[in-house]
Structure formats: C-alpha cells, structure tokens
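Please look over the chain below before reading on.

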Amino acid sequence: MEYRHIKIPTTGEKITVANGQLKVPDQPIIGYVEGDGIGPDITKACLRIWDAAVTKAYGGKRKIHWCETYLGEKAAGLYDGNYCPDETLKVLQDLVVSIKGPLTTPVGGGFRSLNVALRQDLDLYACVRPVRHYAGVPSPLKAPGKVDVVIFRENTEDVYAGIEYKSGTPENEKVAKFLKQEMGAKFFEGAGIGIKPISAFGSKRLVRMAIQYAIDNGRESVTLVHKGNIMKFTEGAFRNWGYEVAREEFGNVTITEEQLYNEYKGKQPEGKIVIKDRIADIMFQMMLLRPDEFDVLATPNLNGDYLSDSVAAEVGGMGIAPGANISDNCAVFEATHGTAPKYANLNKVNPGSLLFSGVMMLEHMGWKEAADLITLVYPEVVSDGIVTYDFARQIDGATEVGTSQFADALIERINGGVDLDTKRRAQQELLAKERKQREIRRLLQPMEEMVDTGRVPHTVGDLMTHSLMTVSDTESVEQAMHTMTDNNVSSVVVEPNAAGEWGILTRRDIVTKVVRNNKSPASLKVKDIASRPLFSVPAETSIHEAATILADKGYSRVTISQGDKIIGIVTETDIFNAVEKYGAAITE
C-alpha cells in the first residue's frame, strides 16, 4: 500500500499476530514517532541505545528496521494542519508494534488529546505502566528498591469515556431532569454531569491481560484496585468481574487471598498467583508503606491514572516512567511525560521515560536479552554519577551530561561487556529471598499481615468458611451432633435431597426440635428436622447487604452459592468478628 508521506522500509519484515500470539521476525519493522518539543532529542538518543543493545545481544542476527511515522506538530506540517493523520493510524495498526515520543495537543476547540485519540481509534484498551527503582536514581523513599510493580489501567471506559454534559446546556438539563424525575436522583441544581460506564467486557479483558502478564513474568500476585465500597455497581462490579475472570479462566493457576490465608495458612503454593483486591485510597498508602507486597495492579481508568503517576514519583519521577497502550493486536509504547518545549533542541533532558518504554517494547517482542542489557547497565552509569541535569542537581558530585552524551555512556557500557547470567542470577536470588521473608511473616502472624497490607473484607466471599461440614439426609441427628462437636462448628450443611434442595441443621434446631420435644437424637434422621431450602447469596454480596438479610429474615447465617453449588457459609459471628477487627470500613 502506498502512503502519502510514510515510507515503509524495503528491508525487514512486519510483525504479525496469529491466534493471539505475537510473531516477531529477526528483522522486524517497527514504527516510531519522534514527538514534539524534546521528542527529537530523546528519540534520536534512544534509537541509538536500542540498536546498540540489540546488536550486542544478538551479534547482528537481529536488527530493528525503523519506520518513521508522524503525529503532532511534525504531522501538521506535512498533512496540511492535521495532527493525527489517518495514514499514521493505519500504519501503527499495520506494523503492530511502535513507539512514540511526547506529543503536543493543539490548543483550541474541537481538538482532543492525541494520546486519547490513539487509544480510542486503535482500541488500545490497556495502559501498562511498570514502575521500579533503579539503583542510584534519587528517590524520596527510604527504601525505594522495594517498589517493583506493573500497573494495568483500563484505557477506554470510566469517566475518561468523555460522556459529559456542561452545566447550563440543554443537554445537561435534559439529563438532569431524567435523573431527578425518572430515577429519583438528588444533586444540586446547575451541576455539571458526567457518566461513568464500566462494563464486564472492558473490565474482564483488562484483568485477563494483567493475569496473563503475571503468569508470563513469574509475578506473585494481581491486585484489583477499586472504590467498590462506595461505587458498588461500577468499581465494585470491576472487582467482581476481575475475580470472575480469575476463577473461570485461570482457576488452575490462581487462588484468592482468602484462600492463601485460610486454606494454605499463608504459604503460597508453587505455581499459583494470588488474586487480591484493595480499596483505592488504601492502595495509595500501601504503595508507600508496603510496596513490596504488590506485583501487578489492575485498575479502572481514573484510579490507574492517579496511581501510576504517584507511584512513579516514588522512584524518580515522570522523567523515567515508561508506559505503553496495548490491545490484543497492536501496541504503542510511549514517553509518559510532556513535551517540555523550553528544553527543545538543547540536548539537555533525561531520555529515561522513552528509553524504558523501549525496554518494555523489547520485552513485549520477546527480546529480553536486549532489554536486560539496558536495565542492567543503566544503574551502573547513574551510580557512577553520569546523569542529565534533573538528577545532577540531586546527586552530590555528579557529572552533568547532555542527552546524547548520556546515550554515549550507556552504549559504551553495553559494548564493554555485561555478564547477563550472573546479574540475572543475583536478581533471582534476591527476589526469592524477599518472597521467602514475606511468606514467613504470613505464616507467623497471618492476622497482622492481613491488616498491615491493607486487606479489608467487603463481601461475604471474604468472610466465608470454605471447609463446609456436610451430612446426608439419612444420617441420624446423633451422628450430625458428633460431626458438629468434633469439628467445633455450630451448624452443618445438609446435602441435596431428591428435589435437589440443600438444607442446614443447626444447634438451635436440635435444641428446639429435639431436646425441647423430648425426642431421642438417635431415633431421628437429619431430614426430619433440617431446614430447607437453604437461603443462599452470591459470594460478591456485600457484608452490609448480608447483615440486612440476616436482620430482616431473623437468620443467624447464610450460605454462599456459586451457580447451583454451595461453596461456603457466613454467620452472624463472622460478621461481628470482622467489624470488631476492621471497624466500620468493611461496610462503607
């Protein structure tokens, strides 16, 4: 296909996607956008570094064939003022993998952010932001090395869907009237209105990608970050759909945090990934207080925007924060900072954000050797005090260099020889040691660890007892009593009868129906006094809703169902103990 300005290299092959898998040739064609402002400075430096790492890692067997594409101000100059030409979108999709510098969004009505345009037009539904600390990089934390997390932010929904109605407009008044008169909503007159859509489809595909990443990269856990205690039908649903994906699609390799503590006593089984969830405000605290407890985070759009930038500040700031926008068939890696026009063409700024976005790109392509060369030599260069101005002013005795000179220093270190195997082995040994330490803490003080790492139960699934004691209809009541006594439980679940109905037998049943009537437990069958049918609720039922059900119906317990199966039970005592332990936070 002929393009107006973009020239596809005549050498190299295009990356393809087959059956959901990336097929990367040894000579791939990769698209790049220089970007605006400081974009040309950092892009030129990074292209040299990436090429040097690939050459060194593969001895010339592999090579990237770069294809320049155009967005932003450079595109406007070529395409008659069009900042986002259609042919660029087509090429980015066709090449499958590309990388871009920072872009300016033109000022004026009718212009949307170029980054938002890319995400929406190419359906790049996952914004992926790895955040880790590199030795030598200035940080406000005492132990920044504990930060090593990958954030998967949903990119297309939430308030970023752009469904808004300005105060005073006819559209706003129409929506406000409907909400108040038809839906009974209450809010102040003249309020601006925004709609927050969060769907099962959007949530599940984001969480699916996050879990698969954790599997592919040997991560310990995936944490669903949400504000579902307040926004139950949007962010609460995001949480529930996330657990659903883990259970139904990855059940053979995932366990919940509740299972980790209750079934495995804090010892994580080999080959299993723990699925957690945290309220968003607690997650911000945890990334300061206990960041090493978290590996991969999956979040709705707005939470992820806040969280990825704030965590980046812990390890050196946006200047070295990498990122990517990814779909099932296309990936655009990007510098996450702005264009900084006052530094344009001064050969001054830190190329770290774009550099490490390129490292992400190499890892995405499966070229981990080249990626590791960069990540392993980078801290050595910084620790030697060879840095750009932003770090130089924070490091005593540092040697301030320009963008291109910093690239020279990295390339010299790459070409000087790096013992990848030894460095990787040291990293793995350190990782194993840290994981063992966390496991020991969970084993020795499970309750304290749950509280200290921000785990607050919000649903009956969080509180339920999994190890159900069951009896059959045909057993005697006396046998059922022995089961209760031997297992120190106050009730047993009764297996389904011929009609498929589950039942329950409690100590109260025995007192009121057997002892009170002066009958013999040995002569009665369980079916004679068991209560049927069971009242069950789904695992995602909130603790507040469960407490309301118990109070309204006069029950002391409810069973937890999944489809037509009973998978657990929650009692008044469980709820009482949870409130005593965690406070009102569990029912907010």
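The chain is built from 22 helices and 23 strands, in what is a predicted model. Along its principal axes, the C-alpha trace spans about 95 × 65 × 45 Å, and of the 588 residues in the chain 51% count as buried. When contacts with a separation of 6 or more are considered, 71% of those in the chain come from residues 24 or more positions apart.

**Packing of two helices**

- Helix α12, which covers residues 368-383, packs against helix α15, which covers residues 420-444, with an angle of about 75° between them and their axes 11 Å apart.
- Because angles of 65 to 115 degrees count as roughly perpendicular, α12 is described as roughly perpendicular to α15.
- On the α12 side the contact is made by Lys368, Glu369, Asp372, Leu373, Leu376 and Glu380, while α15 contributes Leu420, Lys423, Arg424 and Gln427.
- Sorted by class, this contact of α12 with α15 has six charged residues, three nonpolar residues and one polar residue.

**The second largest pocket**

- The second largest pocket has a volume of about 870 Å³, and among the 33 residues that line this pocket, those closest to its centre are Asn262, Leu463, Met464, Thr465 and Asp574.
- At least two lining residues are supplied by each of α8 (257-262), α16 (446-452), α17 (460-463), β19 (491-494), β23 and α22 (572-582).
- Helix α22 gives the most to the lining of the second largest pocket, with seven residues.
- By class, the lining of the second largest pocket divides into 14 nonpolar, ten polar and nine charged residues.

**Thr571, a buried residue**

- Thr571 belongs to strand β23, which runs over residues 565-571, and β23 is also one of the elements that supply at least two residues of the lining of the second largest pocket.
- Thr571 has a relative accessible area of 15% and is therefore buried, since the cut-off for that class is under 20%.
- Leaving aside residues up to four places away in sequence, Thr571 touches Ser556 and Arg557.

**Glu412, an exposed residue**

- Glu412 lies in helix α14, which covers residues 403-415.
- With a relative accessible area of 61%, Glu412 is exposed, because that class begins over 50%.
- Although Glu412 and Ala52 are 360 residues apart along the chain, their C-alpha atoms are separated by 9.2 Å.

Notes: Residues numbered from 1 in each chain as written. Predicted model: local features only at pLDDT ≥ 70, side-chain atom pairs only at ≥ 80, totals over all residues. Heavy atoms only, no water. Helix = DSSP H or I, 4+ residues; strand = E, 2+ residues; numbered from the N terminus. Buried < 20%, exposed > 50% of the residue type's maximum accessible area, 1.4 Å probe, protein only. Contact = heavy atoms within 4.5 Å. Axes fitted to C-alpha atoms, helices over the stretch in contact; angles between N-to-C directions. Parallel < 35°, antiparallel > 145°, perpendicular 65-115°, else oblique. Nonpolar A, V, L, I, M, F, W, Y, C, P; charged D, E, K, R; others polar. 1 Å grid on protein atoms, 1.4 Å probe; cavity = no way out; pocket = protein on both sides within 12 Å on 5 of 7 lines; lining within 4 Å. Points joined across faces, edges and corners; volume = space filled by probe spheres on them.
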